[in-house]
Amino acid sequence: MNEDLKVNVSGLPQDYLDAGAAGNVSAAVSSQVPGVEPEPELVVNPWDIVLCTSGTLISCENAIVVLIIFHNPSLRAPMFLLIGSLALADLLAGIGLIINFVFAYLLQSEATKLVTIGLIVASFSASVCSLLAITVDRYLSLYYALTYHSERTVTFTYVMLIMLWGTSICLGLLPILGWNCLQDESTCSVVRPLTKNNAAILSISFLFMFALMLQLYIQICKIVMRHAHQIALQHHFLATSHYVTTRKGVSTLAIILGTFAACWMPFTLYSLIADYTYPSIYTYATLLPATYNSIINPVIYAFRNQEIQKALCLICCGCIPSSLSQRAPSPSDV
């Protein structure tokens, strides 16, 4: 509509424009285009709306897990503490995405940008670290099955939680403490105001943790296969039953690791090779799948767990289905 208005102005007779005063021109324009106002331009990025929607879903889903674990004293085992840590980290990540959307369009300032990006970095870092901690816990629960339920395991779990949250908070504080590109745009990464070096550290740390998780899951698969084979021999199961049980356990681990890699690997690799000069659409297209990992995590780690399923059923309907109470754990629940 602005272009139409310019056309109307330039379409006036040239001799009239030369002879008339500025006030006359304005009056002429007003008389030719009465009541015309420029159409409001789209001020909200659709990608930001999608990210905010994703953050809302993440917050609601993980809030349920946090409340279930917090209000059930029976869910205080190391495994549930780590699942709770994961849910809390994802919950904060979802809140960070929502706050980022609100601040970006309602309260624009350098301080809010730094606080928001710090919260997002810290929460997503805690989420990834919690996934690694869960992997370590699962490996230890299988490798040291006889001594796993000791006080030493609980102490080790608390140490892991303190370390992972301490590290994540430190990473989130880096932009606030000055490691940002607000003063020098040339140092910006694909996510402003993170610097290229900051993004590279986060990406390399992720690749290292992914490699460690891959190695641990390979060891877990070996242990699961060996345990399933021993159980089959002790109970004289058929080879087919042993194969099915082992395949379920390995398939579950493959889904867990494959989902994690599919969600985070695109953004990680893109952060290493790209900088602020790249089109922002590529950043959104790779960052969005990373947020999906926080949506999938409760389904994989929390809602598949029998104890959490029982607690959720008690909250929703006040009873526990007989099929759930009689179900025995299997290697596929690893």
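Modeller: UniProt, in an unreviewed entry, lists residues 47-70, 82-108, 114-136, 156-179, 199-218, 250-269 and 281-303 as "transmembrane region". Those positions follow the numbering used here, feature names are shortened, and annotations may be inferred rather than shown by experiment. This is a predicted model: local features need pLDDT of at least 70, side-chain atom pairs count only at pLDDT 80 or more, and totals for chains, interfaces and linings use all residues. Residues are numbered from 1 along each chain as its sequence is written, and side-chain values use heavy atoms, without hydrogens or water.

The protein chain has 12 helices and zero strands. Helices (H or I, at least four residues) and strands (E, at least two) are DSSP runs, numbered from the N terminus. Residues 82-108 are 93% helix, with end C-alpha atoms 36 Å apart. Residues 281-303 are 96% helix, and their end C-alpha atoms lie 33 Å apart.

Now the core. Of the 334 residues, 41% are buried, meaning under 20% relative accessible area with a 1.4 Å probe, protein chains only. A nonpolar core is a set of buried Ala, Val, Leu, Ile, Met, Phe, Trp, Tyr and Cys residues joined through side-chain atoms within 4.5 Å. The largest one holds 63 residues; Y217, F260, W264 and Y301 touch the most other members. Elements giving two or more residues to this core include α6 (110-143), α8 (196-234) and α9 (239-273). The largest share, 14 residues, comes from α6.

Take Y217. Beyond its neighbours within four places in sequence, Y217 contacts T135, R138, L253, I256, L257 and Y301. Contact means heavy atoms within 4.5 Å.

Technical notes. Buried < 20%, exposed > 50% of the residue type's maximum accessible area, 1.4 Å probe, protein only.
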